[in-house]
Amino acid sequence: MDLDDLDPKRCALLTIDLQNDFLHPDGAYGRAGQSAPAIAALPDRIRPLRDTMRAAGGTYVSAQFTLVPGPGGAPLIAPHLKRLRPFLGKGDFAPGAFGHDLVAGLAPADYTVEKVAYSAFYQTRLEYILRALDIDTIIVGGIVTNGGVASTLRDAHLRNLHTVLLTDGCAAFRQDVHDATLLSLSSLGLQASCADVTEALKAAS
């Protein structure tokens, strides 16, 4: 498969975890001082691609990390994540809350998938949506490259879906980690910049 083979109507742009709790200054990560310029730049970089995708008849799906509220409202949180991010607490990444929402620069998505682990396919309705819409190619961006993005890409590969990884449409908290992950994923599918994919979709529409 090559970028020239993209059929917009059988493609979905899939963004991973581009939510207020990750990106907004008032979100959980912003309040904890956990941010990176490369991550903050993603919505503006992805938006023209999203607009082109929609204009060409494609679909935009947002996968959003979710912490399910438990008894008393405290989140049901995996032990490893609690160790890594001890600042996460009641109300963070909760469905229906501001922090859980897709960032304003990309909202609304055509479809929203709540995810409770790294992969957007794990125990979600994503595969059902893609199959129902006869989508065979996903164009993936978001955060973090070595976490949710990588896990989702590998799970797509197992499902025989074509993938295009947006090299500048995903990011990690460290550039060297981002670069190493791109290299490790290079055998799974295409990798291209947001601008190059945008031009390919324009040419195909």
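Q: Great. What should I know before reading any numbers?

A: This is a predicted model, where local features need pLDDT of at least 70, side-chain atom pairs count only at pLDDT 80 or more, and totals for chains, interfaces and linings use all residues. Residues are numbered from 1 along each chain as its sequence is written, and side-chain values use heavy atoms, with hydrogens and water left out.

Q: How many residues does the largest nonpolar core have?

A: The largest nonpolar core has 36 residues, and those with the most contacts inside it are Leu6, Leu13, Phe93, Ile139 and Val197. A nonpolar core here is a set of buried Ala, Val, Leu, Ile, Met, Phe, Trp, Tyr and Cys residues joined through side-chain atoms within 4.5 Å. Buried means under 20% relative accessible area, exposed means over 50%, and partly exposed is in between, using a 1.4 Å probe and protein chains only.

Q: Which helices and strands each supply at least two residues of this core?

A: They are strand 1 (11–16), strand 2 (59–65), strand 4 (137–143) and strand 5 (162–171), along with helix 2 (28–31), helix 4 (42–55) and helix 9 (194–204). Helices (H or I, at least four residues) and strands (E, at least two) are DSSP runs, numbered from the N terminus.

Q: And what is in the second core?

A: That separate core has 24 residues, including Leu14, Ala63, Leu126 and Ile138.

Q: Switching to rings: how many aromatic pairs are there in the whole structure?

A: A search of the whole structure finds seven. Rings of Phe, Tyr and Trp (its six-membered ring) pair if their centres lie within 6.5 Å; planes under 30 degrees apart count as stacked, over 60 as edge-to-face and the rest as tilted.

Q: Is Tyr29 buried or exposed?

A: Tyr29 counts as buried, at 5% relative accessibility. Phe87 counts as partly exposed, at 28%. Tyr29 also forms an edge-to-face pair with Phe93, at 6.2 Å centre to centre and 85 degrees between the planes. That pair links Tyr29 in helix 2 with Phe93 in the loop between helix 5 and strand 3, 64 residues apart.

Q: What else can you tell me about Phe93?

A: Phe93 is buried, with a relative accessible area of 0%. Leaving aside neighbours within four places in sequence, its contacts include Gln19, Ala28, Leu88 and His100; contact means heavy atoms within 4.5 Å. Phe93 also belongs to one aromatic cluster with Phe22, Tyr29, Phe65, Phe87 and Phe173.

Q: What sits over the ring of Phe173?

A: The charged end of Arg85 does, 5.8 Å from the ring centre. The rule for a charge over a ring is that NZ of Lys or CZ of Arg is within 6 Å of the ring centre and within 35 degrees of the ring normal.

Q: New topic: which residues of helix 7 are buried?

A: Thr145, Gly147, Val149, Leu153 and Asp155 are among them. What covers the buried residues of helix 7 includes strand 1, strand 4, strand 5 and helix 8 (175–185). After helix 7 comes Asn160, whose phi is positive, near 60 degrees.

Q: What about disulfides, how many turn up?

A: The search finds zero, where a disulfide is a pair of cysteine sulfur atoms within 2.5 Å. The sulfur of Cys11 is 14 Å from the closest cysteine sulfur, in Cys194, too far for a bond. Cys170 is in no disulfide either, and the nearest cysteine sulfur, that of Cys194, is 8.5 Å away.

Q: Where is His178, and what does it touch?

A: His178 is in helix 8. His178 counts as buried, at 5% relative accessibility. Not counting residues up to four places away in sequence, His178 touches Thr145, Thr167, Cys170, Ala171 and Ala172.

Q: Last one: where does Arg159 lie?

A: Arg159 lies in the loop between helix 7 and strand 5. Arg159 is partly exposed, with a relative accessible area of 24%. Leaving aside neighbours within four places in sequence, Arg159 is in contact with Phe121, Glu127 and Arg131.
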